[in-house]
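Colleague: I've got a two-chain model open and I'd like to learn how to read it. Can you walk me through it?

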Amino acid sequence: MSKKILDLRGLSCPQPVFETKKAVEDPSFDGLEVIVDTKTSVENIQRLLSGFKGVSYTVEEGEDFKVNISKG
Amino acid sequence: MEFFKKHWKIISCGIFIGIAATLLQKFGNPANMGICVACFERDIAGALGFHRAAIVQYIRPEILAFVLGSFVSSLIFKEFKPRGGSLPLVRFFLGFFAMIGALVFLGCPWRAFLRLAGGDWNAIAAFAGLVIGVFIGVQFIKGGYNLGRNYPTYKFTGLIMPLLMLSLLLLLLIKPIVPGGAPFFSEKGPGSQHAPIFISFAIAFFIGIFAQRTRFCTMGAVRDIILMRDFHLASGVIGLLIFAFLSNAILGQFKPGFAGQPIAHTNQVWNFLGMVLAGLAYALAGGCPGRQLFLSGEGDIDAGVFVIGMVVGAGFAHNFGVAASPAGIGPWSAFAVIVGLLFCLATGVFMRKTLA
């Protein structure tokens, strides 16, 4: 199964971090790629994820930001 | 200790704003109004002749410097990103009604906290109103409310707000003579009370940089606690409150009580409801008035539209007997707040879709 992608570019606060939170807390969560377009959103998502146990992530920086979230 | 280590940047930003605001009062800004984004935008509206309340007209350099500081900061740190197109007209009216609510209470959230730190207990009702307004906004957000995406756009659009602020700065410095016309500068009242231009500008420019880096937001502080149990932004606001209080105590500016507080009234029902409206409007727009200024500096032109909405709202509020005064609320305050609440509720109810 391909990884779920969440395109949250261009959304006002708090939607990017809130949608990410919902997706990670969903029982069916099994890895996720989040695309956002501001550093603010990346920081918010990083702060959110630091509060979760058993979740790791990497950030890919380009024109937009891709946050790859995975279990473990 | 762990908490402080994690949040020290935003806490320092709040502390700096708290101390800076109280010092600006010492240097000449109105009492318990060292910095008030709503009041200062209202003063600018007056200086431009958008309302005729002669005691609140001045081109406040703090507002200009907030945008310009954020603009420069976003350029240095490569975060300047012109973007827009997320229902600007709705954002205009959220700004408009946010100002209506703010001027019925007499202050934005920054000033609500500064008033508390100065011992003005009328701000307690406003703080409760802010919490309730944001709480209602959070229910809409949970229900799928959003204004849709903005999109990257032409570089030049991001320069419009900084250029506007630069133009206002020139207007303040040059004070051109227009026969019988604007700019108007108050000769008495709050509009006549101001720190020297250079001091106001320099301090606020630094706040603009600091707040752009830390994303300081008073509405977000309340929202993130309610929505996500996240105290990050709140730690900044608490820093502001504590250090503004300490600074006021040292400077002899702490005068506790309800009656006779500077540029305030004691009608708690409308202190509360004014801020419910403002808080809800900020929550729906995604940022407090200060945050909207910083966003507009880094290229968010929809935030710029919100700011213009606030300035127009200020003109309207004073022209139509909506703005409160130390004597109490205006003849049309209650009506306008109710209309504003209906607008915000309709916005929250009708503008929703599933994102993901």
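Predicted model: local features only at pLDDT ≥ 70, side-chain atom pairs only at ≥ 80, totals over all residues.

Colleague: Which residue of chain A forms a salt bridge with Asp230(B)?

Modeller: That's Arg47(A), and the closest N and O atoms of the pair are 3.2 Å apart. Another one to click on is Arg149(B) with Asp7(A), whose side chains meet at 3.6 Å, N to O. This pair also runs between chains: Arg149(B) sits in the loop between H6 and strand E2 (151-152) of chain B, while Asp7(A) belongs to strand E1 (residues 4-7) of chain A.

Colleague: How many salt bridges are there over all chains?

Modeller: A search of the whole structure gives 14.

Colleague: And how do I put a size on an interface?

Modeller: The size is often given as the accessible area lost when the parts come together. Here chain B and chain A bury about 2,000 Å² between them, and 53% of that lies on carbon and sulfur atoms. As for residues, 24 from chain B and 23 from chain A take part in the contact.

Colleague: Now the helices inside chain B. How do I read a helix pair?

Modeller: Look at the angle, the distance between axes and the handedness. Take H1(B) and helix H10 (residues 232-251) of chain B: they pack at an angle of about 35° with their axes 6 Å apart. Their crossing is right-handed. The residues of this contact divide into 12 nonpolar, 11 polar and one charged.

Colleague: Is the crossing of H7(B) and H13(B) left-handed or right-handed?

Modeller: H7(B) passes H13(B) in a left-handed crossing. The axes of helix H7 (residues 157-174) and helix H13 (residues 301-319) of chain B come within 9 Å and cross at roughly 35°. To see who meets whom, show Thr157(B), Gly158(B), Met161(B) and Leu164(B) on H7(B) against Ile301(B), Gly304(B), Val307(B) and Ile308(B) on H13(B). By class, that contact has five nonpolar, three polar and no charged residues.

Colleague: What about the backbone? Where should I look for cis peptide bonds?

Modeller: Check omega. In chain A, Cys13(A) and Pro14(A) are joined by a cis peptide bond with omega about 0°. Pro14(A) lies in the loop between E1 and helix H1 (15-25) of chain A. In chain B, the bond from Ala182(B) to Pro183(B) is cis too, with omega near -5°. You'll find Pro183(B) in the loop between H7 and helix H8 (197-214) of chain B.

Colleague: What is the phi of Asn32(B)?

Modeller: Positive, about 55°, although Asn32(B) is not a glycine. Asn32(B) is in the loop between H1 and helix H2 (37-47) of chain B.

Technical notes: Residues numbered from 1 in each chain as written. Chains lettered and ligands numbered in written order. Heavy atoms only, no water. Contact = heavy atoms within 4.5 Å. Buried area = accessible area lost by both parts, 1.4 Å probe. Salt bridge = Lys/Arg side-chain N within 4 Å of Asp/Glu carboxyl O. Axes fitted to C-alpha atoms, helices over the stretch in contact; angles between N-to-C directions. Helix = DSSP H or I, 4+ residues; strand = E, 2+ residues; numbered from the N terminus. Left-handed = near helix turned anticlockwise from the far one by under 90°. Nonpolar A, V, L, I, M, F, W, Y, C, P; charged D, E, K, R; others polar.
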